Amino acid sequence: MDSDGTQDARGTHADRVPRPAGPPQVPPRPAQAPGMPPAPDAAAVTAADGSTFLAWLRTPRPEAAPGVWRFGHLPRPDEEPEQIPARQLLSGALIAFLVGWLIWSLLSNGYLGGWWILPLELFTPDSWRTSDSQFVNLLVWDGYTVLVAFAIMIGVGRLGRWGDVWRRFVAPRLRRAVPQQAPPAPEEDPAQWNQLRAAGAADAAERLGGEARAGRMRDVDQARIARAWQGVRSGRHSLATFSGAVLKDGAAACLHPSGERDLPGRLAKHDLVTGQVRLGTTADDPRNPYSYRGTGLALGPDLLGTSLLAVGPAGSGKTGGVVWPLAESLCLHALAGRAAVVVVGAAGAGLGPVDAYDVVVRVGNPESVYDLDLYGGTTDPDEAAAVLAEALVGDLADPHPGADSRRSTTVLAQLLGPFRGVHGRFPSVPELRQLLDGTPGPLGALRKALTEGGQESLLRELDARERQLGQTGDVGSVLADRVALLDRPAFAGFFDTSGQSRPFSLRALDHPVRVRIDLPERGHADASRMLARLVLAQFAASVAVREDRSLFACLVLDDATGVITPEAVRGIQRLRSANAGVVMTLRTLDDVPRPLRSPLLGAIGCRMALSGLTPWDGQDFAEVWGKEWIEARDVTDRQIIAETPAGKAVHMLRRVITGNAPTARAVTVRQVERERWSASELAHGVPPGHAVLSLTSVRGEHAPPLLVDLRS
């Protein structure tokens, strides 16, 4: 039984990548210097007695605003409390102390008379005040004196805000370490698996609890078994099958089809209970809401379900600080049976080791074990034509939201349908190029086979295509030129349709598969962009027809240059309802046609502007983030003119002491509307290693643009 409750599917496209024979590879870089112990990982929770895992599992994760790292989060108030400047606070406390000391000195030395003794004379008998006992006199007179001194101290302490001084400067230095959190009650302990007990699977719960206490359970195991239990509750799988698998295999039950229980290594911090991966820390900046300042910034499927676009120049940290942590998190979710991920990027772009994926497609590399299905695994000629037309000439369509490539789709459908009707498969790249070029031999052979088979409808399709050949406005030659980019010696062994290779199809997104597609960049930039459009089009078409949409599907495009088309924008808008999302990066918004920039930013829920952005790119982000009402304070200094000789003397003395003319300050407070982040601030005010990020969850919750430090 695998992580999504089905039987082991090792025969599907989620197979592990066989290691082809070749020269020995360079060993991986050690995680730490020789002789140093490995750093503890809060997520890869393993210990001899399971204490580390149990502490991780029992750590509070309170509900928080979108994007807040919930693991051990301490909520902050929404509004920043008014804080007096330290110099003003300390000087006020000192002045209050001196005033109290002066009052006490005047009282104790009789300069203010004896009126302060009147309450003692009114409320105590004369025998107490005139007693011969030294103890009684000490108790009455000295006690009353201490009481008066204490009352003066309370009064001046309130005026001087001594309590604020204590809480701000003294208490933090005297505060001891936070004691270790006590274990929760058994009915609230997640390590007890109370949901299983309530459903009658007490034996399975005891087995899992024992595995956790013995240190044989990891965070991926906990998430994977919890996912399998969701399948039981939804009725997809039986309780008996689940309980039998847990009793047999313990923490290793319901394994991923690859048999792996963790990734070879981790770069980012992950919390699989909440499904979050930490990308950085929200900066302590006045432009950030107070409740976000200093908190961890994390993303999960609830935010990636609205898609993410990161824009920044080369070297700004898109791949290392955003793409790979998210891809790593999605691979962990796939091992837990929660997600399917497809990562697309240039070969050697730093998208993780081969062992972190189930399928690795190296387009243009003869050693690649897997091939890429050019038609997305479909058997419908019209659907295959629509996806292929988007990949071939989607960037040539009119760059407006309502434009499409219907003419190209029609041309391809007029050829793919008859070819499949004759051969039972779609044409290979060389065959498709010949058909689009109108070569007489292949078209004649296809016509003869259709005539002999009596397929009149397909014959009419072929006739319509032949009538269009050579006419003005025929897009067949354009399609043939684009197909020629794939009909190169470097791709000779790829895109095979004869069944002799192992093509990967995005129809496999029904399973928790981890896929990486390496695109050839050197010398084949146009072909790489065309293949990236192909993968995006196939992804949008495949996730829309999945049977089980509880599995989150995500496509990660490390460089989306030349990928954004009108049809791509429409496809991204439909992903949220299919429990899917896409993560894309761009060096600049200039790589997107101007008419599509606003629709793209509107279709994306999470938008990230990294440091080094150009002002014209910043203008697009400033427009989509809009404006907000703020409180503006205008301060005006007006010079005071003295009219009397005494006043002039005082003003002259003040000018000698301060060096400034006496002025009166007027403060005007008003509500004004201004941009949350202006184009100039995005271009010049974002420090290196930082980014400005706005978030939208699939439930409609929003987070305003946040300044985030991606290095912490």
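Trainee: Let's start with Ser 408: buried or exposed?
Mentor: Ser 408 is buried, with a relative accessible area of 8%. Keep in mind that this is a predicted model.

Trainee: Which helix is Ser 408 in?
Mentor: Ser 408 lies in helix 14, residues 406-423.

Trainee: And what does Ser 408 touch, not counting residues up to four places away in sequence?
Mentor: Ser 408 touches Ala 389, Val 393, Val 475 and Leu 479.

Trainee: What about Leu 392, which residues is that one in contact with, neighbours within four places aside?
Mentor: Leu 392 is in contact with Leu 412, Leu 479, Arg 482, Val 483, Met 530 and Arg 533. So Leu 479 turns up again, since Ser 408 touches Leu 479 and Leu 392 counts as buried at 1% relative accessibility.

Trainee: Where is Leu 392 found?
Mentor: In helix 13. Helix 13 covers 381-393.

Trainee: How far apart are the C-alpha atoms of Leu 392 and Ala 553?
Mentor: They are separated by 24 Å, with the two residues 161 apart along the chain.

Trainee: Switching topic. Which residues of helix 21 are buried?
Mentor: Leu 596, Arg 597, Leu 600, Leu 601 and Ala 603 are buried in helix 21, which runs over residues 594-603. They sit on the same side of helix 21, because they cover an arc of only 155° around the axis.

Trainee: Why would residues that are spaced out in sequence point the same way?
Mentor: An α-helix has 3.6 residues a turn, so residues three or four places apart point the same way.

Trainee: And what's exposed on the other side of helix 21?
Mentor: Ser 598 and Gly 602 are exposed there.

Trainee: What do the buried residues of helix 21 pack against?
Mentor: There are helices and strands in that list: helix 20 (566-573) and helix 22 (615-625), plus strand 4 (308-311), strand 11 (580-586) and strand 12 (606-610).

Trainee: OK, pockets. What volume does the largest pocket have?
Mentor: The largest pocket comes out at about 1200 Å³. Its lining is made of 46 residues, and Gln 230, Leu 272, Val 273, Thr 274 and Arg 338 lie nearest its centre.

Trainee: Which helix gives the most to that lining?
Mentor: Helix 9, with six residues. Elements that give two or more residues to the lining of the largest pocket include helix 9 (219-233), helix 1 (51-58) and strand 3 (296-299).

Trainee: By class, what does the lining of the largest pocket have?
Mentor: It has 20 nonpolar, 14 polar and 12 charged residues.

Trainee: Which helices each supply at least two residues of the lining of the largest cavity?
Mentor: Helix 13 and helix 19 (525-543) do. Among the residues that line the largest cavity are Glu 383, Val 387, Gln 538 and Ala 541. By class, that lining has four nonpolar, four polar and two charged residues.

Trainee: And what lines the second largest cavity?
Mentor: Ala 540, Val 543, Ala 544, Gly 571, Arg 574 and Leu 575. That lining has four nonpolar, one polar and one charged residues.

Trainee: Cysteines next. How many disulfides does the count come to?
Mentor: Zero disulfides, taking a pair of cysteine sulfur atoms within 2.5 Å as the rule. Cys 606 is in no disulfide, and the nearest cysteine sulfur, that of Cys 554, is 11 Å away.

Trainee: Is Cys 606 buried or exposed?
Mentor: Cys 606 counts as buried, at 1% relative accessibility. Cys 254 also counts as buried, at 2%.

Conventions: Residues numbered from 1 in each chain as written. Predicted model: local features only at pLDDT ≥ 70, side-chain atom pairs only at ≥ 80, totals over all residues. Heavy atoms only, no water. Buried < 20%, exposed > 50% of the residue type's maximum accessible area, 1.4 Å probe, protein only. Helix = DSSP H or I, 4+ residues; strand = E, 2+ residues; numbered from the N terminus. Arc of directions from axis to C-beta. Contact = heavy atoms within 4.5 Å. 1 Å grid on protein atoms, 1.4 Å probe; cavity = no way out; pocket = protein on both sides within 12 Å on 5 of 7 lines; lining within 4 Å. Nonpolar A, V, L, I, M, F, W, Y, C, P; charged D, E, K, R; others polar. Points joined across faces, edges and corners; volume = space filled by probe spheres on them.
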